Amino acid sequence: MSSPRDRGKNLMESSESEPPVPPSRYESQKRRDWNTFGQYLRNQRPPVPMSHCNCNHVLDFLRYLDQFGKTKVHVPGCMFYGHPEPPAPCTCPLRQAWGSLDALIGRLRAAYEENGGSPETNPFASGAIRVYLREVRECQAKARGIPYKKKKKKKPAEMVGGSDDFSSSSSSPFSFS
């Protein structure tokens, strides 16, 4: 009969020979996004090394991605501007959805630092990027006729002493603003 120490040793040996765990969907997407952005910089004339990348390159990349978008964004002159569900097709452009751009920036921000970039110089964390994303969000919300309203954060006293009926509350304590 083997001792507990021998069984532990066998478990360690068997785990060393197991194949590596495949990356999560998030990690795979982050790697693809990072490679795509790197390719975008290399295709610039002249090519831009990652060490010289700034928020303007990131903004240009986001605008470049718009041509591959799938979200109809009505322009102010369109008869369907401000209608959440237009009754007929129109010629308004397709754009990247705000949520997709926001998630992309989050992944690129993390990838930048994982690939040796400093948090202080991270071009994906720039205030200009946050402003751009806010403008895209507001523009898309207006074009669809869905006003975006920032949820107000609850005060600590309201969260502790509030009612037990969570369905009656109009704002969530889990605010992601």
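Is L101 buried or exposed? With a relative accessibility of 1%, L101 counts as buried, where buried means under 20% relative accessible area, exposed means over 50%, and partly exposed falls in between (1.4 Å probe, protein chains only). The model is a predicted one, in which local features need pLDDT of at least 70, side-chain atom pairs count only at pLDDT 80 or more, and totals for chains, interfaces and linings use all residues. Residues are numbered from 1 along each chain as its sequence is written, and side-chain values use heavy atoms, with hydrogens and water left out.

First, the overall layout. The protein has six helices and two strands, and from the N terminus on these run α-α-α-β-β-α-α-α. Both kinds of element are DSSP runs, numbered from the N terminus: helices are H or I with at least four residues, strands are E with at least two. Of the 177 residues, 26% count as buried. Looking at contacts (heavy atoms within 4.5 Å), residues 24 or more positions apart account for 58% of those with a separation of 6 or more.

Back to L101, which sits in helix α4. Leaving aside residues up to four places away in sequence, L101 touches L62, Q96, Y132, L133 and V136. V136 is 35 residues from L101 in sequence, and the two lie 9.2 Å apart in space, C-alpha to C-alpha.

Now for the helix pairs. Two packed helices are described by the angle between their axes and the distance between the axes. Here the axes are lines fitted to C-alpha atoms, for helices over the stretch in contact, and angles run from 0 to 180 degrees between N-to-C directions. Angles under 35 degrees count as roughly parallel, over 145 as roughly antiparallel, 65 to 115 as roughly perpendicular and the rest as oblique.

Helices α4 and α5 pack at about 165°, with their axes 9 Å apart; they are therefore roughly antiparallel to each other. Their crossing is left-handed, a label used if the near helix is turned anticlockwise from the far one by less than a right angle, with right-handed used if clockwise. On the α4 side, W98, L101, D102 and I105 meet I129, Y132, L133, V136, R137 and Q140 of α5. By class, this contact has seven nonpolar, one polar and two charged residues. Ala, Val, Leu, Ile, Met, Phe, Trp, Tyr, Cys and Pro count as nonpolar, Asp, Glu, Lys and Arg as charged, and the others, Gly among them, as polar.

What about α3 and α4? Helix α3 (residues 55-65) packs on α4 (residues 98-114) at an angle of about 140°, with the axes 12 Å apart. That makes α3 oblique to α4, and the crossing is right-handed. The contact is made by V58, F61, L62 and L65 of α3 together with L101, L104, I105 and L108 of α4. Sorted by class, it has eight nonpolar, no polar and no charged residues.

Within α3, the buried residues are H57, V58, L59, F61, L62 and L65, and they pack against α2 (25-42), α4 and α5 (127-143).

Finally, K142 lies in helix α5 and is exposed, with a relative accessible area of 59%. K142 touches Y81 and G82, not counting residues up to four places away in sequence. G82 is 60 residues from K142 in sequence, but 5.8 Å away in space, C-alpha to C-alpha.
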